[in-house]
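The sequence and the coordinates come before the text.

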Amino acid sequence: MAAAAEELLGQHLVQGVISVPKGIRAAMEHAGKQEMLLKPHSRVQVFEGAEDNLPDRDALRAAVAIRQLAEGLTADDLLLVLISGGGSALLPAPIPPVTLEEKQTLTKLLAARGANIQELNTIRKALSQLKGGGLAQAAYPAQVVSLILSDVVGDPVEVIASGPTVASVHSVQDCLHILNHYGLRAALPRSVKTVLAQSDSDPHGPHSCGHVLNVIIGSNALALAEAQRQAEALGYRAVVLSAAIQGDVKSVARFYGLLTRVAGAHLTPPVTRASVEEEAQLWELAAELHLPDLQLKEALEAVVEAGGPVCLLAGGEPTVQLQGSGKGGRNQELALRVGAELGQRPLGPLEVLFLSGGTDGQDGPTEAAGAWVVPELASQAAAEGLDVAAFLSRNDSHTFFRCFRGGAHLLHTGLTGTNVMDAHLLFLRPR
Ligand SMILES: Nc1ncnc2c1ncn2[C@@H]1O[C@H](COP(=O)(O)OP(=O)(O)OP(=O)(O)O)[C@@H](O)[C@H]1O
Ligand SMILES: O=C(O)[C@H](O)CO
């Protein structure tokens, strides 16, 4: 994104500072993605830090350089801010006396106790100089344009990377409520209590961001719209179901299993009593998953109308509760679970393929982006001596896909440089 901005701005770019994850430059070089790298002698200074998505000293140095750059601006300047997921760990600037270590410990504890990204970032904002609109405030009176890649369901600009250019709307009460909920209020370090108490009595109130324009330039919905166009160009009737898939991976896999059966029944009539029951279960599960933008009715109508090859698309970020010590990622685990669901009963005269992939090209701590499955997966795997249920019980989806058919079902894209969560594609074709 920085390379593209530099290209675009040319001589207008006077100075730049960017904080990126440790190792990303080497990984891009290794992958031969030169076009994504800044040119030699670039005016953009690059800091690499936040190893394992945790704020560290290197990221702190980057945050200080970014703050200094912003503070030096005048009303004649324009500050272009490029924000993507992972930004919270890449821009740590705790309000003194809170230390980097204290902030790290608190966010780690919150995450380990199950706090979601909204809760986590509410606390991060309250303890930060630059989050929650702090960066925009530091740049005042310069104009600020913030270009944002969303890695959060629903694209809330105040949550993505903890909104460095978006005024925080949270109060100290909100923070205390979250800390109470996760049993952390009593054990808070004195420094955190001091900062929270100060912000409660801050005479300036929340940052004002009237000089800022925040624009979402990349999101799951945009990625799905492009995938939809590509599928249509390949002759599929393509429908986007939702860009807000969330919830436990087991329920999400069951949702896609039922969806396949119900859509399949609409595509290859007659509709049986069993499929009417399955449609009722599908609606019930959809309600449980709380998918606010779900276009299920429209998708099923489109399937009936199409009568031929169909591609149903969805995206978001399901959750995996890790129980085993295996190797995998959300996408490979989802694909494997959907494969198991599809193999439970015959599907009728239908060809089916389900694919799940991370848009950043890396699924969890694996080198694959995701995987694809067909209904025959479990029986084919059994013939190779692989027990799908056993791999799932260890969260070992990556090992499974590496063994199964010599890794042929793994999706390898390499790092894409953009993270707008995951994409799920279901292809159906009457035989
Ligand atoms: N063995 C495993 N099986 C399934 N999922 C796993 C496994 N190990 C880690 N994960 C999942 O991978 C994710 C962590 O990977 P990563 O570091 O890429 O996190 P992330 O930043 O949330 O992902 P992304 O960058 O794709 O948004 C978590 O969602 C975690 O539950
Ligand atoms: O950095 C963060 O806060 C998360 O990736 C969400 O944007």
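Helices (H or I, at least four residues) and strands (E, at least two) are DSSP runs, numbered from the N terminus. For residues 310-422 the end C-alpha atoms are 20 Å apart, with 29% of the span in helix and 20% in strand.

## Basis of the values

This is a predicted model, in which local features need pLDDT of at least 70 and side-chain atom pairs count only at pLDDT 80 or more, while totals for chains, interfaces and linings use all residues. Residues are numbered from 1 along each chain as its sequence is written, chains are lettered from A and ligands numbered from 1 in the order in which they are written, and side-chain values use heavy atoms, with hydrogens and water left out.

## Surroundings of ligand 2

The shell around ligand 2 consists of Gly85, Gly86, Gly87, Ser88, Ile117, Asn121, Arg124, Asp151, Val152, Ile160 and Ala161. A residue is near a molecule if one of its heavy atoms lies within 4 Å of it. By class, this shell has 4 nonpolar, 5 polar and 2 charged residues. Ala, Val, Leu, Ile, Met, Phe, Trp, Tyr, Cys and Pro count as nonpolar, Asp, Glu, Lys and Arg as charged, and the others, Gly among them, as polar.

Which residues place polar atoms by an oxygen atom of ligand 2? Asp151 has a side-chain N or O atom 2.6 Å from an oxygen atom of the ligand. For Gly86 a backbone N or O atom lies 2.8 Å from a ligand oxygen, and for Asn121 a polar side-chain atom is 2.9 Å from one. The protein covers 90% of the 230 Å² of accessible area that ligand 2 has on its own. Accessible areas come from the Shrake-Rupley method with a 1.4 Å probe; for residues, only the protein chains shown count as cover. Helix H4 (87-90) and helix H6 (117-126) are the elements that give two or more residues to the shell, and H6 gives the most, with 3 residues.

A backbone N or O atom of Asn395 is 2.9 Å from a nitrogen atom of ligand 1. Polar side-chain atoms of Asp360 and Asn419 each lie 3.2 Å from an oxygen atom of ligand 1. Taken alone, ligand 1 exposes 620 Å², and the protein buries 69% of that.

Thr165 sits in the loop between strand E4 (143-149) and helix H8 (172-181). Is Thr165 buried or exposed? Thr165 counts as buried because its relative accessible area is 1%, where buried means under 20%, exposed over 50% and partly exposed in between (1.4 Å probe, protein chains only).

The side chain of Thr165 makes polar contacts with the side chains of Asn214 at 2.6 Å and Ser146 at 2.9 Å. A polar contact is a pair of N or O atoms within 3.5 Å; within protein, one must be able to donate a hydrogen and the other to accept it, and residues adjacent in sequence count only if both atoms are side-chain atoms. Leaving aside neighbours within four places in sequence, the residues in contact (heavy atoms within 4.5 Å) with Thr165 include Val81, Ile83, Leu135, Val144 and Cys209.

## Other positions

Asn116 lies in the loop between helix H5 (100-112) and H6. Asn116 is classed as partly exposed because its relative accessible area is 38%. The Asn116 side chain reaches the backbone nitrogen of Gln118 at 3.1 Å.

Pro269 belongs to the loop between helix H11 (249-267) and helix H12 (273-289), and with a relative accessible area of 58% it is exposed. Ser275, in helix H12, is buried at 6% relative accessibility. Beyond its neighbours within four places in sequence, Ser275 is in contact with Val262 and Ala265.
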